[in-house]
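Please look at the sequence and the structure first, and then read on.

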Amino acid sequence: ETGTAAAAATTAEHKGKRLNLFPDVDSVKEQAKRALQRGEYNVEDAYHTEGLWQQMARSGRLKSATCAMILLNAVWIGVDTDWN
């Protein structure tokens, strides 16, 4: 019965407040507007501006080599799965 009494007390507390199923339309529009005004995220913006490691991280060769390794790994997984 303590659970029933607690539920009744909670219900009594919420009677004065209106609970909405959907959020306020104006606040959703404002959030969408702010999200669209923000610039596109680019991880390279957080890199240092000088040094060997940031230069390597920004290089197109490293990006291409990374994509090639991912492709080769996917092919190897397919071959290994098929033949074993």
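## A helical model and its side-chain pairs

L62 is partly exposed, with a relative accessible area of 39%, where buried means under 20% relative accessible area, exposed over 50% and partly exposed in between, with a 1.4 Å probe and protein chains only. This residue is found in helix α4, residues 60–83, and, its neighbours within four places in sequence left aside, L62 is in contact with M56 and A57, contact being heavy atoms within 4.5 Å.

The model is predicted, and local features need pLDDT of at least 70, side-chain atom pairs count only at pLDDT 80 or more, while totals for chains, interfaces and linings use all residues. Residues are numbered from 1 along each chain as its sequence is written, and side-chain values use heavy atoms, with hydrogens and water left out.

The protein has four helices and zero strands, helices (H or I, at least four residues) and strands (E, at least two) being DSSP runs numbered from the N terminus. Of its 84 residues, 2% count as buried. The protein exposes about 8,300 Å², of which carbon and sulfur atoms supply 60%, accessible areas coming from the Shrake-Rupley method with a 1.4 Å probe and, for residues, only the protein chains shown counting as cover.

On the surface, L52, W53 and M56 form a nonpolar patch with about 370 Å² of accessible area together. Such patches are made of residues with over 30% relative accessible area and no salt bridge, with nonpolar side chains (Val, Leu, Ile, Met, Phe, Trp, Tyr) joined within 5 Å and like charges within 9 Å. W53 is found in helix α3, residues 52–58, and counts as exposed because its relative accessibility is 65%.

The count of salt bridges comes to two, a salt bridge being a side-chain nitrogen of Lys or Arg within 4 Å of a carboxyl oxygen of Asp or Glu.

| Salt bridge | N to O distance |
|---|---|
| E30 and R34 | 3.9 Å |
| K63 and E44 | 2.6 Å |

E44 counts as buried because its relative accessibility is 17%, whereas K63 is partly exposed at 41%. Residues up to four places away in sequence not counted, E44 touches A57, R58 and K63.

E30 and R34, by contrast, both lie in helix α2, four residues apart, about one turn of the helix. E30 is partly exposed with a relative accessible area of 37%, and R34 is partly exposed with 46%.
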